[in-house]
Amino acid sequence: MELLSAFLSSILSPLILSRARRKLILGIAFGMAFALIFLATGSAQSTAAQAGQNRGRQNDAPKASASADSGELEVVRVQGNVSLLAGAGGNITVQTGNDGILLVDTGSATMKEKVAEALKRLSKGQVTYIVNTDDRSDHIGGNELFAETGHALAIGRAAQASVMIVAFDTILDRMSAPTGKATAVPEKAWPNDPYSSPVKTLYFNGEAVEIDHQPGTTDGNSIIVFRHSDVISTGDIFDITQYPIIDLKNGGSLQAVIEALNRLKVMAIPGDHQEGGTLIVPGHGRICDEADLALYLQMVTIVRDRLQDMIKKGMTLEQIKAARPTEDFDPIYGKTKGDWTTEMFIDAAYKSLTSKPEAHAGGVSER
Ligand SMILES: [Zn+2]
């Protein structure tokens, strides 16, 4: 519409118009108005088609884990200095340049040799930094190998220099003193550069890298922002292959996941026509943009609202499960097997919504 009025004023204002000329201009104006309406309807339709496509694409997302089964890694350039290495468990975000390699997460231990091979194809440099988004085994499995084979930053205290492994404090606590049946993580794999402030920053490969503490699936998730490349690596807070993990034992909550997704939505800036712009590497699955994030956030929010309504009506967990509050999303995000099934999600979401807020206070106390 702005275009149309600019066009009209440009031809109208300098002229004193004859009748015939007015008629002509009116004709043009009507023609343009129709064209605009046509375009608007067309683009509304294509937006709907786009949303459908996105859903379709989200449906295809387990591709990365499928390729993990076949043992094949996928290396995809994201943008700027950043690439995605998929198929080794959790997604591995790789930033490369003259200073070396920075990894966000290191995949599963069983895939570490293949990851090392794939990295050689991406860069001649060596791993200097590792940032862990959480402490799940499919995100930290290569820590030990890359801590041993990587290249420490040449800084003053070179004698103790080692590959820097960055993670939020509580992640180190759990890796160094695992509880329950979790397997012990070797000391070499522990974060040796933990942080406890809301933000930690690095400058590496000519790029400012921001590591934000953001509780979500646990109390210790990190979001990594590559400012020059305009890429955000989210870890499991945003996982298009399934419903969000809510690790209650380790301070996660449904509300924290929603807050985290809302924060990510503000951080990710869409490009022209809602395509491109900031690109997002989720914890699992394909490369996403702001529109994909918005769709996922909408799904999680809708499910939260449904659960809250059912809880308000006094329904028990069993009754809620029987009512299938995720039914329409299950074809995309639902799982009946594996380590995070739909049933586990509903259980954890229910407990998260019915527990007192104090239960999670420990997780965010440093703020
Ligand atoms: Zn994961």
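Predicted model: local features only at pLDDT ≥ 70, side-chain atom pairs only at ≥ 80, totals over all residues.
1. Overall composition. The protein chain contains 12 helices and 11 strands, and 40% of its 367 residues count as buried. Among contacts between residues at least 6 apart in sequence, 64% join residues that are at least 24 apart.

2. Strand β2 and its burial. Strand β2 covers residues 82-86, and five of its five residues are buried, so the strand is largely enclosed by the rest of the structure. V82, L84 and A86 point one way from β2, whereas S83 and L85 point the other way, and burial extends to all of them. In a regular strand the side chains alternate between the two faces of the sheet.

3. The partners of β2. Strand β1 (residues 74-79) runs antiparallel to β2 and is joined to it by five bridges, with V76 standing opposite L84 of β2. Strand β3 (residues 92-97) also pairs with β2 in the antiparallel sense, here over four bridges, and in β3 the bridge partner of L84 is T93.

4. The two hairpins. β1 and β2 form a hairpin with two residues between them, and G80 in that turn has a positive phi of about 60°. The hairpin of β2 and β3 has five residues between the strands, and in this hairpin G87 takes a positive phi near 105°.

5. The five-stranded sheet. An open sheet with mixed pairing has the strand order β7-β8-β9-β10-β11. Its edges are β7 (199-204) and β11 (279-282), each of which has a single partner strand, so one side of each is left without a neighbour in the sheet. Neighbouring strands of this sheet are turned against each other by 20° on average, direction ignored.

6. The crossing of α9 and α12 is right-handed. On the α9 side the contact is made by L307, Q308 and I311, and on the α12 side by A349, Y350, L353 and T354. The residues of this contact divide into five nonpolar and two polar, with no charged residue.

Technical notes
Residues numbered from 1 in each chain as written. Left-handed = near helix turned anticlockwise from the far one by under 90°. Contact = placed C-beta atoms within 7 Å. Nonpolar A, V, L, I, M, F, W, Y, C, P; charged D, E, K, R; others polar. Pairing = 2+ DSSP bridges. Axes fitted to C-alpha atoms, helices over the stretch in contact; angles between N-to-C directions. Buried ≥ 20, exposed ≤ 12 C-beta atoms within 10 Å, placed from the backbone.
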